[in-house]
Amino acid sequence: MALGLPGCQSAPAERPDTLVDLATVQSGPRVQADELNGALRQQPGNVALLSRRAALRLAAGQPTAALRDAATALDLGDGDNEGPLYFLQARALRMLGRLPEALAAARLAADNGFTGPELPLLVGETHLAAHDYPAALDNLDRALRLDPDQPAALFYKGLAYAASADTAQALDYLRAALAREPRQPEILHQLAFLYNAQRNPEQAVRYATRGLRLDTASGALHYDYGRQLELKGVADSAAWYYRRALVLDTTQYRADYRLALAAGALGQRPATIIPHLARALRRNPRLPEARALLAEALEAHNQLPAALAQYRLLVAENPGNAHWTFKVWKVGNRARLLLPDSLRPALLYYPGPPRARPPAVESLPPLGGLPPS
């Protein structure tokens with residue numbers, strides 16, 4: 001099973017450049033950044049204070065404010081030692097999801113003398129988020145040459161290999177990252193997810209259980225635990241974990257998809273299935289088979305305009321597919337018949353097959369001879 005990056009990461013747009021132990025996260029950086037405000041009011045041109053506050057704001061999850069501080073410091077600086085400031089800019093831009101700008105700022109950091117292993121790590125993870133897996137692996141290798149025991153670089157290499165469908169390499173690097181960060185729930189989630197993708201629930205449950213002990217509020221780990229139960233044939237318990245995953249994290253669209261499939265297998269009414277599929281497709285419009293299932297459920301539930309919209313999307317996604325083209329024609333006609341006469345278009349709006357016209361007949365002259373000249 002080829003795994004794309006969105007399927008492997010819980011929150012790619014806001015991932016920090018290093019792995020964070022949840023047990024040690026505190027609100028300290030935000031408080032420290034606020035404490036610098038008074039000093040900067042007295043010394044608004046102090047580049048060192050601005051740089052320090054930018055770093056603290058990044059640690060506090062305030063990338064927009066950090067970007068503003070770094071830009072101000074660069075404007076006020078004298079051109080010396082600008083590499084760290086460009087690196088702060090790159091980190092802030094990455095957290096904001098502005099990937100090309102983040103890579104450009106990272107190049108400026110390198111051009112201005114920033115040489116730490118954090119730079120290729122950030123560049124590699126940014127390429128990973130942009131789905132450029134060869135460039136990601138190249139930069140992560142560079143980070144590991146500078147720091148061979150960097151767990152974040154090992155973790156991201158695992159994700160890059162998973163996204164490239166090299167599951168064996170992915171598992172090797174994720175296990176190596178876990179050996180260095182044994183209390184990191186995100187690594188445990190990725191391992192459980194991959195083992196479930198391999199239909200190996202016995203291994204998946206080991207990592208999902210460890211992860212849930214560390215983070216009981218993780219929607220991703222609840223999904224992983226539910227999936228291994230489903231693979232073992234314990235459908236009712238799996239459904240409980242899927243529902244719990246959605247309560248904890250509404251972005252867990254796979255849980256919605258699995259609940260829809262389970263409801264369909266049990267013969268439940270389309271009204272039960274439709275909400276799950278609709279939410280899953282909002283999160284991932286390319287989810288395999290989900291759109292077809294949603295269109296058929298809407299048609300069975302007599303929601304014909306909505307079903308017609310889904311069938312049209314299927315035709316757009318599968319040009320030339322005769323089945324979906326037929327469905328558009330069939331459901332479109334049924335939807336038209338539901339309209340009241342006042343709203344129903346004229347039949348000419350739905351032209352049928354062209355009909356052969358009778359040949360033109362020349363007019364015959366009137367009886368009694370030729371017409372007068």
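The model is predicted, so local features require pLDDT of at least 70 and side-chain atom pairs count only at pLDDT 80 or more, whereas totals for chains, interfaces and linings use all residues. Residues are numbered from 1 along each chain as its sequence is written, and side-chain values use heavy atoms, with hydrogens and water left out.

**Overall composition**

The protein has 19 helices and zero strands; helices (H or I, at least four residues) and strands (E, at least two) are DSSP runs, numbered from the N terminus. Of its 373 residues, 43% count as buried. Buried means under 20% relative accessible area, exposed means over 50%, and partly exposed lies in between (1.4 Å probe, protein chains only). The accessible surface amounts to about 20,300 Å², and carbon and sulfur atoms account for 55% of that area; areas come from the Shrake-Rupley method with a 1.4 Å probe, and for residues only the protein chains shown count as cover. Contact means heavy atoms within 4.5 Å. Among contacts between residues at least 6 apart in sequence, 51% join residues at least 24 apart.

**Nonpolar cores**

A nonpolar core is a set of buried Ala, Val, Leu, Ile, Met, Phe, Trp, Tyr and Cys residues joined through side-chain atoms within 4.5 Å. The largest such core has 32 residues, and those with the most contacts inside it are L121, L128, F155, Y156, L191 and Y207. Two or more residues are given to this core by each of α7 (118-129), α8 (133-146), α9 (151-163), α10 (167-180), α11 (185-197) and α12 (201-214). The most come from α9, which gives ten residues. A second, separate core of 30 residues includes L40, Y86, L103 and A109.

**Two helix pairs**

The table lists the axis geometry of two pairs. Axes are lines fitted to C-alpha atoms, for helices over the stretch in contact, and angles run from 0 to 180 degrees between N-to-C directions.

| Pair | Axis approach | Crossing angle |
|---|---|---|
| α2 and α3 | within 8 Å | roughly 155° |
| α11 and α12 | within 8 Å | roughly 160° |

Angles under 35 degrees count as roughly parallel, over 145 as roughly antiparallel, 65 to 115 as roughly perpendicular and the rest as oblique. The angle of the α2 and α3 pair therefore makes α2 roughly antiparallel to α3, and α11 is likewise roughly antiparallel to α12. A crossing is left-handed if the near helix is turned anticlockwise from the far one by less than a right angle, and right-handed if clockwise. The crossing of α2 with α3 is left-handed, as is that of α11 with α12.

Helix α2 (residues 28-42) has P29, A33, L36 and L40 buried, and what covers its buried residues includes α3 (47-59).

**Two individual residues**

D69 lies in helix α4 (residues 63-76) and counts as buried because its relative accessibility is 3%. Leaving aside neighbours within four places in sequence, D69 is in contact with L50, R53, A54 and R57.

E101 lies in helix α6 (residues 99-111) and counts as partly exposed because its relative accessibility is 41%. E101 and Q89 are twelve residues apart in sequence and 9.1 Å apart in space, C-alpha to C-alpha.
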